[in-house]
Amino acid sequence: MNSAPFLDIRDLSVHFVSRRGLVQRKVQVVRAVDRVSLSLQSHQTMGVVGESGCGKTTLGRAILRLVKPTFGQVLFGGEDILALSREKLRQRRKDMQIVFQSPYASFDPRFNILNIISEPLRTYTRLQGSAQLHRVAGLLEQVGMPGDIMYRYPHEFSGGQLQRIAIARALALNPKFMVLDEPTSALDVSVQAQIINLLQQLQSDLNLTYLFITHDLSVIQHISDRVAVMYLGKVVELHTTEALFNGHALHPYTKALLSSAPMVDPNARHDHIILQGNVPNPVNPPSGCTFHPRCPSAMPVCSQTIPELRDIGEGHQIACYLVT
């Protein structure tokens, strides 16, 4: 593994504050992302998985400064993205792109595909006229769409086709890093496989680095090199994909997630772990480990102090008192 990470996220936190009254008195604080630290190696995929509301999407958007982090660092090529001026950030944005979850909500329905894909080209490059048309056609063909559809509108395409177009737009400025925010969750299973294969091919061809956000464990297993498991704004376990899916998961929450995944072989032994209760209210999280009210193995210390994410060897990180 390289000594210097491609992307180094340190103690990244995003707190949303609710205020009320004429004096805007602070009423509630939601710790959507709470001191998350991750390191991504170049040309690899970091999967981020967890239940809805765990902070996955907010994490991805905070890395790109689409939402304002409360504190922390995001080192991209050794440069802290969160400390950049507006103009320097604008230039850096060419290297970082995002593909959103819903292909139907990703585009302005009044724009045709040419306008949609050429918008970053008009903003950041000097391409005009036939050179711009040639670039847009090339991007469409790169994602498996014919170049001659550029004069059509979003409502004329299926969800899978729109997601391909969204990927083409994200590739327009030759980025190095992409946040993929559940890019397959709104698609049929057969189309999901096509999009995943496309993303893997593009990663190989263009040397891209991905942060892949999803709640679908089968997708994570197929595309990721490493997996970060999040619960209520925190990373509770981080390990290689191969190890987690081959019996080396140690955190009770990770084990419960993996046990909920359907098995292809109906005769395979598969012990389901049924978690009791619901995800706690992020406005008023439990003391100590936020998972302890649902944990079948919780100890008294779990409700008293917050476990730190620590390395237990071979790149395996975990935040749990059950693991010594």
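Figure 1. A cavity is a set of grid points where a 1.4 Å probe fits but cannot get out, and its lining residues have an atom within 4 Å of a point. The model shown here and in the other views is predicted. The structure holds three cavities of 30 Å³ or more. The largest cavity contains about 70 Å³ of space.

**Figure 2. Strand S9 and its two partners.** Strand S9 spans residues 226-231. Six of its six residues are buried, so the strand is largely enclosed by the rest of the structure. Arg 226, Ala 228 and Met 230 point one way. Val 227, Val 229 and Tyr 231 point the other way. Strand S3 (residues 45-49) runs parallel to S9 and is joined to it by four bridges. Strand S10 (residues 234-240) pairs with S9 in the antiparallel sense, over six bridges.

**Figure 3. The turn between S9 and S10.** S9 and S10 form a hairpin with two residues between the strands. Which residue takes a positive phi in this hairpin? Leu 232 does, with a value near 50°.

Figure 4. Strand S7 covers residues 177-181. Five of its five residues are buried, so S7 is largely enclosed by the rest of the structure. Phe 177, Val 179 and Asp 181 point one way from the strand. Met 178 and Leu 180 point the other way. Strand S6 (residues 96-99) pairs with S7 in the parallel sense, over four bridges. Within that pairing, Gln 97 has Met 178 as its bridge partner. Strand S8 (residues 209-214) also runs parallel to S7, and five bridges join the two. Asp 181 stands opposite Ile 213 in S8.

Figure 5. The whole structure has six aromatic pairs. Phe 6, Phe 76 and Phe 177 form one aromatic cluster. Phe 177 is also one of the buried residues of S7. Elsewhere, Arg 90 lies over the face of Tyr 124. The distance to the ring centre is 4.9 Å.

**Figure 6. Gly 77 in its loop.** Gly 77 is in the loop between strand S4 (71-76) and strand S5 (79-80). Is this glycine buried or exposed? Its relative accessibility is 66%. The cut-off for exposed is over 50%, so Gly 77 counts as exposed. Leaving aside residues up to four places away in sequence, Gly 77 touches Phe 6 and Arg 92. Phe 6 belongs to the aromatic cluster with Phe 76 and Phe 177. Leu 89 is twelve residues from Gly 77 in sequence, and their C-alpha atoms are 13 Å apart in space.

Figure 7. Helix H1 (residues 56-63) is mostly covered. Six of its eight residues are buried. The buried residues are Lys 56, Thr 58, Leu 59, Gly 60, Ala 62 and Ile 63. Arg 65 follows H1 and has a positive phi, near 60°.

Conventions
Residues are numbered from 1 along each chain as its sequence is written. This is a predicted model: local features need pLDDT of at least 70, side-chain atom pairs count only at pLDDT 80 or more; totals for chains, interfaces and linings use all residues. Side-chain values use heavy atoms; hydrogens and water are left out. Buried means under 20% relative accessible area, exposed over 50%, partly exposed in between (1.4 Å probe, protein chains only). Two strands pair if DSSP finds at least two bridges between them. Rings of Phe, Tyr and Trp (its six-membered ring) pair if their centres lie within 6.5 Å; planes under 30 degrees apart count as stacked, over 60 as edge-to-face and the rest as tilted. A charge sits over a ring if NZ of Lys or CZ of Arg is within 6 Å of the ring centre and within 35 degrees of the ring normal. Contact means heavy atoms within 4.5 Å. On a 1 Å grid over the protein atoms alone, a cavity is a set of points where a 1.4 Å probe fits but cannot get out, and a pocket is an open set with protein on both sides within 12 Å along at least five of seven lines; lining residues have an atom within 4 Å of a point. Grid points are joined across faces, edges and corners, and a volume is the space filled by probe spheres set on the points.
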